[in-house]
Amino acid sequence: MAAAGGAVAIRNLLSRTSSQMSSYHTTLFRCFAAKASPVRPLAEAAFAGAVEDAEVPSEGISRPLTEILRELGKKVPDSIIKARVIDGQTIKYIPWHIVNRILNLHAPEWSGELRNIVYSADGKSVTVIYRVTLHGTDAEIYRESSGTASMDDTDYGDPVQKAESMAFRRACARLGLGLHLYHEDL
């Protein structure tokens, strides 16, 4: 009986229109943001009957890189932008989990990689290097960025997590996602 419920959920997910898929507030469930595996025998066996009759949408799953970059370059809604005051200055940002969902929506075959963690010689800060790779039907592109956090600053999680989140968001900004936040005051 549980397999039948899973089959219905898969059919409902696969039957969504592209306009429903492009909503920022979608309840679309995606596991990790790793590049799709070419063969998944267990998943195929478990849901073979569920997806046989369902039409699998191709739009949004594999698209040319230019389309993906165009979508990521659009201004994000103000409702998802957060602000934090640091040293008397207000910093606007998009939380990492929202950035992750936007990538899952517009570039589902993206991948991310923590490239390096470097602690300062004096032990007062940590820097993380993060790479985000987009996989289009015609090309792949990646951008790397860094994030640094003070070892004393534990207001928003541990310093390594904070630096990784910062590096991830900055790498995504280099691909266009949330880039407008860096220059909207100009």
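Lys-74 is partly exposed, with a relative accessible area of 41%, where partly exposed denotes values between the buried class (under 20% relative accessible area) and the exposed class (over 50%), for a 1.4 Å probe and protein chains only. Its side chain meets that of Glu-71 in a salt bridge, at 3.2 Å from N to O, a salt bridge being a side-chain nitrogen of Lys or Arg within 4 Å of a carboxyl oxygen of Asp or Glu. The model is predicted, so that local features need pLDDT of at least 70 and side-chain atom pairs count only at pLDDT 80 or more, whereas totals for chains, interfaces and linings use all residues. Residues are numbered from 1 along each chain as its sequence is written, and side-chain values use heavy atoms, with hydrogens and water left out.

By this rule the count comes to four salt bridges, and Glu-113, Arg-115, Arg-131 and Glu-144 are linked in a network of such pairs. Because Glu-144 lies in strand β5 (residues 140–150) and Arg-115 in strand β3 (residues 111–119), the latter pair ties together parts that are 29 residues apart in sequence. Arg-115 is partly exposed at 39% relative accessible area, as are Glu-113 at 37% and Glu-144 at 26%.

The protein has seven helices and five strands, assigned as DSSP runs (H or I, at least four residues, for helices; E, at least two, for strands) and numbered from the N terminus. Of its 186 residues, 34% count as buried.
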